[in-house]
Amino acid sequence: MPHPSSPSLRRRLLAALALLVAAPALPVAAQPAWPSQPIRIVVPFGPGGGTDISIRAMAPRLSEFLGVPVVIENRPGAGSTVGTDHVAKSAPDGYTYVHATLSSTGIAAALYRNLPYDPVRDLAAVAPTIWVPLTLCVTTRGWNIRTAEELISTLRASPGRYQFGSNGVGATGHLASANFATRIGAQLEHVPYRSGAQTIAALLAGEIHYMHDIYGLLRPHHESGQARCLFVTAEERSDQLPGVPTMREAGVPEYRAYSWFGLFAAAATPRPIINRMAAAVEHALADTNVAERLNQMGTPPMRGWTPERFAAFVQEEVTAWRPLVEASGARAD
């Protein structure tokens, strides 16, 4: 047996020590850089609505920036909370996101007594994508309402006779329409659908009497005469609907009616990944073709936001919408 101080034993001991020191570093070095596989973005509504159309317009530019495919998956249900909850409970590895909305976060926190996720605690805010002002549009199928004044007097005169539609209980269109009815003192029935596209189809068919949605989605039907936009809920008229007055111009009592969309990940997703994904969103929104398409919808891009600023904004929205949801009387469970 070699003496402990012999050169050969010392060499073997030093070699063994070097292996021990290097061993913990091996798994870390073996991990691939993010992203190394396709990224999935969940849309918590059915296809054809603004949430779906806008993120699909952005997806090629997101993929370009990140160097991997970006796959869009529709996962509707329960006013967008099913898809949002799926992402909140997903692995925080940066490969699953939700293109959530005001209704998935600020409104849902007050609307559901047993919401399965906390929009502030369980989701990591990445970046907002678009601002969503709305317009109120009525059907023209067997209904000849031409002004907001006519609409208000008609709805007040027949409590419970008329219906409004939305893309789900707790969706922004639901709360906007419910708040409108409350502000004018009318009683109406809410008819929820699974997507914005289905709600618009119901409006055109005369199954519902009015709805709120994005300018760009309702403009073609307004121009064709299949539906009629009576006013926009923004402070200024829209370039998309220049002949349609604001709620103030139309003499409508003001109420909160807007939305926004944004990207969220599971709460424990590493900050470097969140920051890089936020940079990818900024890259997509800066693309001229993407910005033009979003503006044509009447939904301007929300550029220049940090994840920290977006997280603070989401918290503010949760606080601001709670009393409005409670005042509307809307509940989802």
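I began with T135, which I found in strand β4, residues 123-139. Helices (H or I, at least four residues) and strands (E, at least two) are DSSP runs, numbered from the N terminus. I noted that this is a predicted model, in which local features need pLDDT of at least 70 and side-chain atom pairs count only at pLDDT 80 or more, while totals for chains, interfaces and linings use all residues. Residues are numbered from 1 along each chain as its sequence is written, and side-chain values use heavy atoms, with hydrogens and water left out.

**Entry 1: T135**

Is T135 buried or exposed? I recorded T135 as buried, because its relative accessibility is 0%. Here buried means under 20% relative accessible area, exposed over 50%, and partly exposed in between, with a 1.4 Å probe and protein chains only.

I then looked up the neighbours of T135, where contact means heavy atoms within 4.5 Å. Residues up to four places away in sequence are not counted, and T135 touches M211, H212, D213, I214, Y215, L218, C229, F231, V232 and L241. A polar atom of the T135 side chain lies 2.9 Å from the backbone oxygen of F231. I checked this pair against the rule for a polar contact: N or O atoms within 3.5 Å, where within protein one must be able to donate a hydrogen and the other to accept it, and residues adjacent in sequence count only if both atoms are side-chain atoms.

**Entry 2: A125**

A125 is also found in strand β4. I recorded A125 as buried, because its relative accessibility is 10%. Leaving out residues up to four places away in sequence, A125 touches L263, F264, I274, P307, F310 and A311. I also looked up a distance: the C-alpha atoms of A125 and Q163 are separated by 35 Å, and the two residues are 38 residues apart along the chain.

How many disulfides does the structure hold? I found zero disulfides; a disulfide is a pair of cysteine sulfur atoms within 2.5 Å. C137 is in no disulfide, and the nearest cysteine sulfur, that of C229, is 3.3 Å away.

**Entry 3: T299**

I placed T299 in the loop between α11 (288-296) and α12 (307-328). T299 counts as buried, because its relative accessibility is 0%. Its side chain reaches the backbone oxygen of L294 at 2.9 Å. Not counting residues up to four places away in sequence, T299 touches I130, W131, V132, I214 and L294. The C-alpha atoms of T299 and Q315 are separated by 22 Å, with the two residues 16 residues apart along the chain.

**Entry 4: H221**

I located H221 in helix α9, residues 215-224. H221 counts as buried, because its relative accessibility is 18%. Its contacts, not counting residues up to four places away in sequence, are I200, L204, Q226 and A227.

**Entry 5: a cis peptide bond**

I found a cis peptide bond joining W34 and P35, with omega of about -5°. Most peptide bonds are trans. P35 has its place in the loop between α2 (25-30) and β1 (39-43).

**Entry 6: the cavity**

On a 1 Å grid over the protein atoms alone, a cavity is a set of points where a 1.4 Å probe fits but cannot get out; a pocket is an open set with protein on both sides within 12 Å along at least five of seven lines; lining residues have an atom within 4 Å of a point. Grid points are joined across faces, edges and corners, and a volume is the space filled by probe spheres set on the points.

I counted one cavity of 30 Å³ or more. The largest cavity has a volume of about 240 Å³. Its lining has 22 residues, of which N167, T172, G173, D213 and F261 are the closest to its centre. Which element gives the largest share of this lining? I found that β7 does, with four residues.
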